Amino acid sequence: MSAARSDAGTQGGERAGAAPLQATDRMPALQALLQALPFACAAFAREDGALLAANGLYHEEFAALEGHARRDGLLQALHGSEVDIDAGSEVRAPHNDRWYSLYWRDTEHAGQALSLLTAVDISERIEALDSHKSRQEKLLFTSRLMSVGEMAATLAHELNQPLAAIVNYLNGSLRLVDQAGGPVQVERALQAARTQAEHAAAVIARVREFVRAREPRRDTQDLATIAATVLELLRLEAERQQLRIDVALAAPLPAVYADRVMIEQVLLNLVKNAIEAMREVAPAQRGLRIEGRVNLDGEIEVRVCDRGQGLSRAESEQLFSPFYTTKADGLGIGLAICRSIIEYHEGRLFFEPREGGGSVFGFTLPRAEGRV
Ligand SMILES: Nc1ncnc2c1ncn2[C@@H]1O[C@H](COP(=O)(O)OP(=O)(O)O)[C@@H](O)[C@H]1O
Ligand SMILES: [Mg+2]
């Protein structure tokens, strides 16, 4: 049945370009009105679906479409069905591959029940949208690639120091063994080397997981343990710089819901930046403090406070953008990575000037309570 109806439409279209013109002769006033409109319009008799009037744009744009001279033929060709579509719809016309916004409206004119079609060519808008979308997708892809690149760079960055330390410890151990030194010292040096090596291995493992796009593992973590690990990793450097690191965690500090290695990495980066910020400060004026507390929103807030040179407003605005660094040997990705890690944890990484001089870099983490 539907085939018969579209056949009729097709024949109407094929018969002659003259058919619609004859039809439009029947309604000259409507024809004149449609002609004045700036997009393709056609009026069909509601009773039998025959084309009664159409403007020049309609003929130009739809004459090549099978069934264009009948309402049901047109519905079939454009909408893929004969079901009347009341509301406007956006379709791709099969004969010219252009996009149209189609509106069907029932109306009356000179005692005749009409079905009025307007077809606005929206190809340009659709193309603009598509290219915007693909630009967005490209951006997303680039930023994902960038974070993989960033990760690789951090890998080098993070592993450099523990690995150098391992070599130093091992050289020292070898010297001790050489001089037949006490076994207790040898043991201590080897244990320190092991801590460094374990951290390096954990970082590598995490990066591998990240590249394989697996989810980081979040569970109940204790910040005091995380801080202790970070201090252990930085002990040598702190001693070399005659720097004391105070840890002041509110007791008891509720557990956080976090990936341990990731948060270790964040804290390590922040404390390293704090140490580096105080390179030029006289040892007596140096002061590095790690604070931990529950903030007013009930999140756990960690703050790394230094007595370095602090930051100007302009500097503080660029802080978190990748590759921003003011250090000759800096990579400028530490804070950018800290921020993505903290945001992944639904927390916030922030900077504020420290009272009495220096900076505070802090982050928030959700409590584990009720999450695991
Ligand atoms: N505690 C701090 N005090 C002052 N400036 C800081 C501090 N932490 C970070 N910055 C500034 O932010 C920049 C970016 O830090 P980061 O992303 O860790 O990269 P990098 O340490 O490799 O330079 C630093 O170069 C420095 O200018
Ligand atoms: Mg840094």
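**Figure 1. Asp 97 in the loop between β3 and β4.** Asp 97 sits in the loop that links β3 (89-92) to β4 (99-109). Its phi is positive, about 60 degrees, although Asp 97 is not a glycine. Strands here are DSSP runs of E with at least two residues, helices are runs of H or I with at least four, and both are numbered from the N terminus. This is a predicted model: local features need pLDDT of at least 70, side-chain atom pairs count only at pLDDT 80 or more, and totals for chains, interfaces and linings use all residues. Residues are numbered from 1 along each chain as its sequence is written, chains are lettered from A and ligands numbered from 1 in the order in which they are written, and side-chain values use heavy atoms, with hydrogens and water left out.

**Figure 2. Gln 242 in the loop between α8 and β7.** Gln 242 lies in the loop between α8 (223-240) and β7. Gln 242 has a positive phi of about 50 degrees and is not a glycine. Gln 242 is exposed, because its relative accessible area is 61%. Exposed means over 50% relative accessible area, buried under 20%, and partly exposed in between (1.4 Å probe, protein chains only).

**Figure 3. The cis peptide bond between Ala 251 and Pro 252.** Ala 251 and Pro 252 are joined by a cis peptide bond, with omega about 0 degrees. Pro 252 belongs to the loop between β7 (245-249) and β8 (256-258).

Figure 4. The buried residues are Arg 71, Asp 72, Gly 73, Leu 74, Leu 75, Leu 78 and His 79.

**Figure 5. Ligand 1 and its polar contacts.** The shell around ligand 1 holds 20 residues, of which Asn 273, Asp 306, Thr 325, Thr 326 and Lys 327 come nearest. A residue is near a molecule if one of its heavy atoms lies within 4 Å of it. A polar side-chain atom of Asn 273 is 2.8 Å from an oxygen atom of ligand 1. For Lys 327, a side-chain N or O atom lies 2.7 Å from a ligand 1 oxygen. Leu 335 takes part through its backbone: a polar atom there is 2.8 Å from an oxygen atom of ligand 1. The protein covers 96% of the 530 Å² of accessible area that ligand 1 has on its own. Accessible areas come from the Shrake-Rupley method with a 1.4 Å probe.

**Figure 6. Elements around ligand 1.** The elements that give two or more residues to the shell around ligand 1 are α9 (260-277), α11 (334-344) and β12 (359-365). Helix α9 gives the largest share, 4 residues.

**Figure 7. Arg 260 in helix α9.** Arg 260 is part of helix α9. Arg 260 is partly exposed, with a relative accessible area of 35%. Leu 223 is 37 residues away from Arg 260 in sequence, and their C-alpha atoms are 9.0 Å apart.

**Figure 8. Cys 41 and Cys 305.** Cys 41 is buried, with a relative accessible area of 1%. Cys 305 is also buried, at 3%. A search of the whole structure finds 0 disulfides, a disulfide being a pair of cysteine sulfur atoms within 2.5 Å.

Technical notes. A polar contact is a pair of N or O atoms within 3.5 Å; within protein, one must be able to donate a hydrogen and the other to accept it, and residues adjacent in sequence count only if both atoms are side-chain atoms.
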